[in-house]
Amino acid sequence: MNSSATPPPLKTPSSTDLIADLLVDKFQVDRAAIRADTPMTELLVDSLMVVEMAITLKDELGISATEDELRALSFAEFTARIDQRRAR
C-alpha cells in the first residue's frame with residue numbers, strides 16, 4: 001500500500017444544496033417545494049423566518065445575506081449570489 005498517496009479532495013457542497021438543506025432542516029420546508037423559480041418569500045413564509053435565515057447563513061456559513069435579497073429573489077437567484085460570495 002502506498003502511504004504517500006494523497007486522499008481525494010473533499011467535495012464542497014454547492015450553495016444550492018446547503019441552502020436547500022437549511023430550508024428543510026431548520027425551517028421545515030418541503031423539499032419538493034424548492035424549485036429554481038420559487039420566490040424565497042414563498043419558502044420563508046413570514047418575516048421572522050427571513051430574519052432567521054439571514055442570521056443562520058451568517059452564523060453557520062459565514063456568509064452575509066440581506067433581508068431584502070431574501071425577499072426579492074427566487075431560490076436560483078439567491079443561491080447564485082451566495083455562490084459568488086463563497087467564491088471570494
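Glu69 is buried, with a relative accessible area of 7% (buried means under 20%, exposed over 50%, and partly exposed in between, using a 1.4 Å probe and protein chains only). Its salt-bridge partner Arg81 is partly exposed at 35%. This is a predicted model, where local features need pLDDT of at least 70 and side-chain atom pairs count only at pLDDT 80 or more, while totals for chains, interfaces and linings use all residues. Residues are numbered from 1 along each chain as its sequence is written, and side-chain values use heavy atoms, with hydrogens and water left out.

**Salt bridges around Glu69**
- Arg81 and Glu69 form a salt bridge (a side-chain nitrogen of Lys or Arg within 4 Å of a carboxyl oxygen of Asp or Glu), and their closest N and O atoms sit 3.2 Å apart.
- The pair links distant parts of the chain, with Arg81 in helix α5 (residues 75-87) and Glu69 in helix α4 (residues 67-72), 12 residues apart; helices here are DSSP runs of H or I, at least four residues long, numbered from the N terminus.
- Through shared partners, salt bridges join Glu69, Arg81 and Arg85 into one network.

**Other salt bridges**
- Searching the whole structure turns up six salt bridges.
- Arg31 pairs with Asp21, with 2.9 Å between the closest N and O atoms.
- Arg31 belongs to the loop between α1 and α2 (40-43) and Asp21 to helix α1, so this pair ties together parts that are 10 residues apart in sequence.
- Arg31 is partly exposed at 43% relative accessibility, and Asp21 is partly exposed at 32%.
- Lys26 pairs with Glu52, and here the closest N and O atoms are 3.7 Å apart.
- Lys26 is in helix α1 and Glu52 in helix α3, so the pair ties together parts 26 residues apart in sequence.
- Lys26 is partly exposed at 34%, and so is Glu52 at 32%.

**How α1 packs on α3**
- Helix α1 (residues 15-27) packs against helix α3 (residues 47-61) at an angle of about 120 degrees, with the axes 12 Å apart.
- Those axes are lines fitted to C-alpha atoms over the stretch in contact, and angles run from 0 to 180 degrees between N-to-C directions.
- That makes α1 oblique to α3 (under 35 degrees is roughly parallel, over 145 roughly antiparallel, 65 to 115 roughly perpendicular, and the rest oblique).
- Residues in contact (heavy atoms within 4.5 Å) include Leu18, Lys26 and Phe27 of α1, along with Met49, Glu52 and Leu61 of α3.

How values were computed: Helix = DSSP H or I, 4+ residues; strand = E, 2+ residues; numbered from the N terminus.
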